[in-house]
Amino acid sequence: MKREKKEIKKPAGRLGVLIPGLGAVTTTFMAGIESIRRGEYPAFGSVTQMGHIRLGRRDENRQPLIKDVVPLAELDDIVCCCWDIFPDNAYESACHANVLSKDQLDSVKNYLKTINPLPAVFDTKYVKRLDGPHVKKGKSWWDKHLMLQNDIEAFARANDIERMVMIWCGSTEIYLENSEAHHTIEAFEKGLKLNDASISPSMVYAYTAIKNGIPFVNGAPHLSCDIPALIQLARKLGVPIAGKDYKTGQTLLKTIIAPGLKARMLGIEGWFSTNILGNRDGEVLDDPGSFKSKEVSKLSVLDTILQPDLYPDLYSNLYHKVRINYYPPRGDKKEGWDNIDIFGWMGKKMQIKIDFLCRDSILAAPVVLDLILLIDLAQRSQMGGIQEWLSFYFKSPMSDESVYPEHDLFIQLLKMKNTLRFMVGEDLITHLGTEYYDYF
Ligand SMILES: NC(=O)c1ccc[n+]([C@@H]2O[C@H](COP(=O)([O-])OP(=O)(O)OC[C@H]3O[C@@H](n4cnc5c(N)ncnc54)[C@H](O)[C@@H]3O)[C@@H](O)[C@H]2O)c1
């Protein structure tokens with residue numbers, strides 16, 4: 001039985017992608033989309049570009065590409081606009097990040113050189129290990145919000161932009177608790193005018209985007225749009241928002257392995273995760289305030305997957321520790337070790353060791369692309385507020401207050417694919433065999 005299709009506006013015209021932060025992730029993303037546009041590589045790691053989706057019953061054999069089922073923007077229509085606290089263009093910043101080889105960067109050099117960041121909304125109070133000269137000067141957050149708004153309008157006009165999305169790829173800010181100014185839209189707007197210290201730069205970007213009807217994605221673990229005032233504003237204006245913290249590297253593996261161990265009712269006594277990395281992100285995370293944001297995001301994963309309340313014998317004594325160590329010689333070539341102490345039949349103990357020699361920005365770039373395309377799709381489908389179906393891409397997924405966030409990668413994938421099926425009027429897939437329908 002076919003469902004009624006949701007009304008989805010066609011992705012006509014150019015899509016403006018607004019990116020605070022022109023560092024390793026952003027420049028790797030930009031170099032990648034340019035080389036994909038030129039046919040140099042397939043979009044490795046991108047579910048929207050390479051993933052197929054099953055439609056209907058298995059005997060129908062319908063497995064089209066996701067991008068052929070839902071109307072996504074074309075990569076050729078993406079135009080980027082960035083802000084950063086350093087004035088380096090995207091080519092210079094990519095060289096500094098040292099993720100891609102010289103050959104790979106040379107082939108997209110001309111494109112990267114055209115991307116010059118605008119001065120950022122920034123305050124070193126919120127990112128202690130970083131300071132730069134390329135920042136906006138204004139009396140209050142409100143003034144800086146108005147400056148961002150002017151930047152966005154000028155960019156849209158100059159580039160003949162039809163629609164926009166904003167995606168945070170800037171540094172991780174210090175851990176902030178929810179406070180008075182975060183509670184309502186009115187309190188937040190008052191706080192912007194009074195320069196409230198509980199409002200951080202990433203919140204000013206998020207507010208500017210949402211207020212202007214532009215979907216917002218938060219790729220870092222700090223709060224940003226994850227405060228009641230901005231969630232209310234997004235709901236009120238029907239603007240999609242999503243976050244937090246791209247799920248890459250160690251946490252990606254954690255959310256692949258933990259559901260598997262739980263599925264087989266194997267107990268876990270301890271999970272020790274440690275990393276060494278030497279890029280700018282690692283330097284920022286070396287500060288205890290920024291690390292606290294990351295730690296909260298990384299630690300939340302296991303509890304919700306393993307449900308110790310439901311399975312006290314298996315998981316209530318789990319000792320979970322996460323460490324990030326800044327180690328400059330490694331640059332962007334992160335190494336993540338996991339030691340997992342598990343137990344099984346008759347309490348017998350076993351161990352799993354993982355050594356993931358990963359490239360964080362290589363894993364993050366396709367996530368950035370997918371999130372841009374999918375949050376734009378959400379906007380064109382009139383889906384405002386928190387986009388829980390995009391949890392698949394986040395370490396610390398935002399969810400409605402009434403439910404717990406879903407961390408299990410496979411449940412997240414099922415939810416995302418069923419949402420896509422739902423949008424185009426296809427049956428949701430429950431994996432219940434049709435042969436059983438007659439029994440009940
Ligand atoms: N690389 C990954 O796999 C990964 C995974 C999850 C989350 N993240 C998060 O994504 C973000 C980007 O990571 P990265 O590796 O590109 O870091 P990076 O340090 O290379 O780049 C961040 C850039 O943001 C700029 N910046 C900082 N504050 C800013 C502001 N207020 N406005 C504009 N620009 C600002 C910095 O100058 C820097 O150039 C970080 O918050 C990181 O924690 C990355």
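**Entry 1: V368 and the cores**

I looked up V368 and found that V368 touches V25, F29, I167, C169 and G219, leaving out residues up to four places away in sequence; a contact here means C-beta atoms, placed from the backbone, within 7 Å. The model is predicted, so I noted that local features need pLDDT of at least 70 and side-chain atom pairs pLDDT 80 or more, while totals for chains, interfaces and linings use all residues. Residues are numbered from 1 along each chain as its sequence is written.

I then looked up the largest nonpolar core, which has 101 residues. I167, I210, L230, V368 and L371 have the most contacts inside this core. Helix α15 (residues 360-380) gives the largest share, 12 residues. Apart from this core lies another, of 11 residues, including I268 and V301.

I recorded the terms. A nonpolar core is a set of buried Ala, Val, Leu, Ile, Met, Phe, Trp, Tyr and Cys residues joined through C-beta atoms within 7 Å. Buried means 20 or more other C-beta atoms within 10 Å of the residue's own, exposed 12 or fewer, and partly exposed in between, with C-beta atoms placed from the backbone. Helices (H or I, at least four residues) and strands (E, at least two) are DSSP runs, numbered from the N terminus.

**Entry 2: backbone exceptions**

Most residues other than glycine have a negative phi, and most peptide bonds are trans. I found that N61, not a glycine, has a positive phi of about 50°. N61 lies in the loop between α2 (47-50) and α3 (66-69), and N61 counts as exposed because it has 9 C-beta neighbours inside 10 Å.

I also found the peptide bond from G243 to K244 to be cis, with omega near -5°. K244 is in the loop between β6 (240-242) and α11 (249-263).

Notes
Contact = placed C-beta atoms within 7 Å.
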